[in-house]
Amino acid sequence: MSHKHKPKLAVWKFASCDGCQLSLLDCEDELLAVAGQIEIANFLEASRAVTGRSYDISLVEGSITTPHDAERIHKIRRASKVLITIGACATAGGIQALRNFKDVRDFTNIVYANPSYIETLNKSTPISDHIYVDFELRGCPINKYQLVEVLSAFLFERKPNIPKHSVCIECKQRGNICVMVAHGTPCLGPVTQAGCGAICPAYNRGCYSCFGPKETPNTGSLSTQWKKLGADGDSLMRAFRGFNAYADPFRKESEIYEK
Amino acid sequence: MRSRTIKVDALARVEGEGGLFVKIKNRMVVDVKLNIYEPPRFFEAFLRGRMYSEAPDITARICGICPIAYQMSSVTAMEDAFGIKVDGQLCALRRLIYCGEWIESHALHIFFLHAPDFLGYEDAIRMAKDFPEAVEKALKLKKIGNELMILIGGREIHPINVKVGGFYRVPARKDFQPFVEQLKWARDFAIDTVKLVAGFNFPDFERDYEFVALRHPDEYPLIGGRLVSNKGLDISLQEYERHFEETHVPHSTSLHSHHLQHGEYHVGPMARFNLNCNQLSPMAKQAAVDVKLKTPVLNPFKSIIVRAVETVFACEEALRIIEQYEMPENPSVEVTPHAGVGFGASEAPRGTLYHRYRLDHNGRIADAKIVPPTSQNQKVIESDLKEYVSKNMALSNDKLTWQCEQAVRNYDPCISCSCHFLKLHIERE
């Protein structure tokens, strides 16, 4: 992107927990430097100032869950040169996509006394189901260093260096002992995209897949391994129905174990 | 008949999506609504059928700003159901990671979300051009809170190390050593912050609130305790739902909570301070005395001073815990699930967060109830706006709108939380 003016950045929120956009404010060492390179033109969590109607880069957090949001995302796409989705809600529908496996009306009845006040779609869907997305940054939450990498890649017109291999590679890089081999702890690391830095195995627990499916994941083979460790169908279904439940490979695997 | 509308479609510098609507007719405020249009996410519904052990990781995702609050309320509720006691160093470690969340969240709110209102800036980045040193120090303070969460929790947003019974792995004593100097710096900067924010201009505005907060026999409240108020409430968590009720209103996807006997009530830093200030750490107490902050604090705009005092407390408390820390032999206590009902509550940076779970004999969640701080504060926020606008009718629309936004931000509302929940709209006729 060659700019005569400072490129304009916008941050948008759909159904989400705010954590991924907080990651931008959590770049304590980089925030003022980033703010020096770009103009934060629309970032409601941080500022009441909104400048302009078009943006060079839009970061989109959250999933589409209401008829209004399904319209709004198209307006944002039209106003953005580059649109990057951030976090599991935006890239896979998020934890709220667990509704996709049930009837949403039952859910509304459980939580709200007057379900008629609630406007909601049957499914929580990723942004890419609705519009063209230039880049999807995974994670629940995203890794802030990956966010800075993706932003600078787009600003300097190069490909973002975001690996698509599994958490296992990060475990080896970190020098973790394999929790599945050494301790018999079920782990989703072999089918999960890297990015977190293999934190869970480093803390003696199995990966629960915040970053979603890696490229070409062999979920069936991993399920077999889990069963050898004593996992039943219900545990497998719940394991694949986490924060990336509606990502295709995980959805399909979990449906095998549906009662 | 003159009518006027003050309207903010999308409130800034709050966590989540909401707006504000105030309607004035014949110089009377006739309608106030805090519109919450954050899409509902149905956590209580999809928790049904999940295992007890999944609750801390799933409920953390209700809020990226206060995940520790969700994790602590959920794990203590499960432990209550199973009759397990987590105490000693494990309990101290839980307080320590919670101190990290308070430091991070309070630093974010004081400097990035609230201070710009008092100083007339749209945001902290614009404020940084005139006050580079203060903003840089604020970022450093925030980072220290985050680093404490990273060390214990594995990462700052949605930490991975908290579980029912304790932790997956506990840090060694030496891991904390690099933090001591940093926390001392943070404590001293927090003391300076108390002085700085106490020097702001505060609107002349006080209300007679019912303050509700946890109270613990020998600590400033973070996790567990009894729920007390300045109007005679003193209950165990088991009794919560007999005293408080949530109702569903059309203009909000967040449920409104009210106290059955007294109606609206106020949770958060002012409530905690007014009810528990004798339990603050020594330097936090002194910092409050130095700026003449006396209980009861009744001006919600002064919540920023209380947050700064609580930041001093969180730093001192973290230093105290680190000083006395010895690595526990086991990272967690053993959990044997059985059927039961469990109650848990903790003090999120923005107020009390209540969880209740009913579990079957395998420890599977049959039913869940979560009441976040912002649902509890919604009615009080609307009443504050009504009274504030009534008293400041002479102000121009621009100025009144900004001050209404500021009045909402007094509560550090977390809309993502409450929907599991803001837009300003003042209409003058």
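**Exercise 1.** What volume does the second largest cavity have, and which residues lie closest to its centre?

*Solution.* The structure is a predicted model. Start with the volume: the second largest cavity has about 80 Å³. Next, take the 14 residues that line the second largest cavity; A:Cys196, A:Cys200, A:Cys207, A:Cys210 and B:Arg155 are the closest to its centre. Then look for the main contributor: helix α9 of chain A (residues 199-202) gives three residues, the largest share of this lining. Last, sort by class: eleven lining residues of the second largest cavity are nonpolar, two are polar and one is charged.

**Exercise 2.** Describe the largest cavity and its lining.

*Solution.* The space in the largest cavity is about 100 Å³. Its lining is made of 15 residues. Those nearest the centre of the largest cavity are A:Cys17, A:Cys20, A:Cys89, A:Cys140 and B:His158. Now turn to the helices: in chain A, α1 (19-25) and α4 (88-92) each provide at least two lining residues of the largest cavity. The classes of this lining are seven nonpolar, five polar and three charged residues.

**Exercise 3.** Where in chain B does pLDDT stay under 50, and what are the scores of the chain and of the model?

*Solution.* Begin with the average: chain B has a mean pLDDT of 91. Of its residues, 94% score at least 70. Then locate the stretch: residues 419-425 of chain B stay under 50 in pLDDT. For these residues the model has 73 contacts beyond four places in sequence. Finally, for the model, ipTM is 0.94 and pTM is 0.94.

Terms used:
Residues are numbered from 1 along each chain as its sequence is written. Chains are lettered from A and ligands numbered from 1 in the order in which they are written. This is a predicted model: local features need pLDDT of at least 70, side-chain atom pairs count only at pLDDT 80 or more; totals for chains, interfaces and linings use all residues. Side-chain values use heavy atoms; hydrogens and water are left out. On a 1 Å grid over the protein atoms alone, a cavity is a set of points where a 1.4 Å probe fits but cannot get out, and a pocket is an open set with protein on both sides within 12 Å along at least five of seven lines; lining residues have an atom within 4 Å of a point. Grid points are joined across faces, edges and corners, and a volume is the space filled by probe spheres set on the points. Helices (H or I, at least four residues) and strands (E, at least two) are DSSP runs, numbered from the N terminus. Ala, Val, Leu, Ile, Met, Phe, Trp, Tyr, Cys and Pro count as nonpolar, Asp, Glu, Lys and Arg as charged, and the others, Gly among them, as polar. pLDDT is the predictor's confidence in each residue, from 0 to 100. Contact means heavy atoms within 4.5 Å.
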